[in-house]
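Me: I would like to learn how to read helix packing and sheet order in a model, taking one feature at a time. Could you give me the general idea first and then the case at hand?

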Amino acid sequence: MNKVLFLTPPFTQLNTPYPATAYLKGFLNTVGIESHQADLGIEVILRLFSAVGLGKMFAELEASDAALSDNGYRIYALRKEYLRTIDSAIVFLQNKNPTLAHSICDRSYLPEAARFAELDELDWAFGTMGIQDKARHLATLYLEDLGDLIQEAVDPYFGFSRYAERLGSTATHFDPLHESLQVPDTLISAFLVEVLEEKIQRWQPEVVCLTVPFPGNLFGALKCGQYLKKHRPGIAVVMGGGYCNTELRSLREPRLFDYVDYVSLDDGEAPLLNLLGYLDGERDQSQLKRVFARTDGKVVYYNNGKEKDIAQRDVGTPDYANLPLHDYLSVIEIINPMHRLWSDGRWNKLTLAHGCYWGKCSFCDISLDYIKRYEPVTAALLCDRIQEIIAQTGQNGFHFVDEAAPPALMRDLALEIIRRQLTVTWWTNIRFEKSFTADLCQLLKTSGCIAVSGGLEVASDRLLERMKKGVTVTKVARVADAFTQAGIMVHAYLMYGFPTQTAQETIDSLEMVRQLFETGVVQSGFWHRFAMTAHSPVGLHPAGFDVQRIGPDFGGFADNDLHHDDPTGADHDRFAEGLRKSLFNYMHGVGFELSLKKWFDFEIPPTSIPPNYIERSIAQNEEMSERPNALVVWLGGIPELSIYEKKKGRQIIKMAELEFYTKKEHWMLNVSLQLGEWLTETLDAFPIGSQEVLTLARLKVKYEVAGLGDFEEFQRSSIWQELRGNGLLVI
């Protein structure tokens, strides 16, 4: 069987590998096929941002007669300082030399250029940052200064998390990409093919698979394919990933196959297995699965393979072998809590369920397999994979990369994590739905959940209904409050420019966002401009949403991002800067008292939202009845029971004092001896780490069989309420 090399071309994240190659390598492990992987992005970054790499860059600049901006010339003039400090700064950002933070923070160590001008505005924010965080932010600005020079004078396509993104975005025609690929290598693309050749020599693959998750990876992938076709023509080159799945479904451009041999769509496991069988001579080309290839000069889509997709339970555990896990960079680009999770620290990536359990949002690609095919796995299997990955990587931080993690599976996973006494720190994406009760959020926190992100989108009930989000602003506020009260950070994805959205709705949406931050139930957010895509309900049926598709013309290559006209909506682009600026301030706890019109340089309508709308929505939270089949979980530890006597009239009654110790508190509960003994026995029988799962209905039976009276009456008692307030969860 062919040896396979999985590659992530530049650039994705600096702090952690993109998981696609680890997922596919893990699957090939299960079928006994040898494979290796490399993250070319981080390796090119480390080669460029070194004394050797910068030395080459400055030497090229010295030999050229290119005119530099004032900022570019400042960096060039300080080149000796950059060469002296770059290796130490990189090691610091790899968390290998933390003591350097002191020198960085006193502002006498790193050379500074234009990016540091922002610090005057951000000094107040450093009050919430420790010395390590502040130093990492300064070191990130230092790298960004160098990145600005690279973009100006070395390679205009450079970006730390994307490469030539403009060429891959809305690339309906292949001409711009094809022409750019004929240009001589820059320093960056030279480093790229240099690293690529090293990997080829080391592992001698017969098949190279290039994952292209985003437009900013496409040019790098094709650069790799171009090199392989010229210098290693015997290697089969396969391209797949999120970009192919969404952009290249209508592919007709034969020139793409000058750079790659095959383009695979959707989940890669079954198509790759079929393709490897074909390359080994075990099947005919016509029996390939979801693969484009060039045959007789034309692009042909082969999809006659009869094998089903690999079930999620059988895809194996992601395998991070070969990746330089300790060499990634923990950067702090902007002071945004959720963006910090994205860029700071190394997170293992894992999926709870394939697809989206909701699958109705009208702006989402719900017609495509990665959304519409919902397939969860069991909590036990997920925990097995978590333990394998921790053992392999030495890291216990996890980002569950679901489109929207299912609440019931999150509950089961949390219980399983606690049963196994795992130490895990994790975060994920959710829908703000009522299933996330205060009790469930507390359970998730106990299992290690530190943050969730979810789509509030437009904070307008009319538009949320048009989007088929299945939530209202009031429900979002209540769910966000439940997470926040449990100590879990909440990030809201915000959207403006949805079809038919009026200026009034945009301003009312901003007022809702202002109140959500002012009440403290949302801590992080980001505004996105609505984009119409070819595979969403809006893109497939624009007339149903009162918009018109006006382009672009399809030229045989990418077909996903669509231009549209919104004749009844506002001039959405005018609002972009005011929305961004106001949100930046709200995230840092300032500007709540300002009128919304202060954020815009044009007239806006006054908001129609009452100033206490969110606060009132949270205060009027509907009490959900406790379902008989709900699980009962006890977080409060096993009490110590002491017996004492209490005089009631002429009677002496034996009482029980239950003494509880938790991580932070110590509290007492005085009850009758019979109830005290029952509570002690019952709580000992179902602590959160036990194998037994107790439902509310079973607890009721236990209570009434013990002769303690009516369970519903017990639920209304102060004793029940005290237990509920100290760790008794009903979920």
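Me: Which residues in H11 meet H12?

Reply: Contact means heavy atoms within 4.5 Å, and helices (H or I, at least four residues) and strands (E, at least two) are DSSP runs, numbered from the N terminus. In this predicted model, local features need pLDDT of at least 70 and side-chain atom pairs count only at pLDDT 80 or more, while totals for chains, interfaces and linings use all residues. Residues are numbered from 1 along each chain as its sequence is written, and side-chain values use heavy atoms, with hydrogens and water left out. Here Ser189, Leu192, Val193, Leu196, Glu197 and Ile200 of H11 meet Gly220, Lys223, Cys224, Tyr227 and Leu228 of H12. The residues of this contact of H11 with H12 divide into 7 nonpolar, 2 polar and 2 charged, where Ala, Val, Leu, Ile, Met, Phe, Trp, Tyr, Cys and Pro count as nonpolar, Asp, Glu, Lys and Arg as charged, and the others, Gly among them, as polar.

Me: At what angle do the axes of H11 and H12 cross?

Reply: Axes are lines fitted to C-alpha atoms, for helices over the stretch in contact, and angles run from 0 to 180 degrees between N-to-C directions. The axes of H11 (residues 187-203) and H12 (residues 215-231) come within 10 Å and cross at roughly 60°. That makes H11 oblique to H12, since angles under 35 degrees count as roughly parallel, over 145 as roughly antiparallel, 65 to 115 as roughly perpendicular and the rest as oblique.

Me: What is the order of the strands in the open sheet?

Reply: Two strands pair if DSSP finds at least two bridges between them. The open sheet of 6 strands runs E10-E13-E14-E15-E16-E17, with parallel pairing. Strands E10 (348-350) and E17 (524-529) stand at the edges, each with a single partner strand, so one side of each is left without a neighbour in the sheet. E10 and E13 (residues 397-400) pair in the parallel sense over 3 bridges, and the bridge partner of Asn348 in E13 is Phe398. Helix H17 (residues 379-393) packs on the sheet, touching E10 and E13, and its direction makes about 160° with that of E10.

Me: Is E14 mostly covered or mostly open, and how many of its residues are buried?

Reply: Buried means under 20% relative accessible area, exposed over 50%, and partly exposed in between (1.4 Å probe, protein chains only). Strand E14 (residues 425-430) is mostly covered, with 5 of its 6 residues buried. E13 and E14 pair in the parallel sense over 4 bridges, and the bridge partner of His399 in E14 is Trp427.
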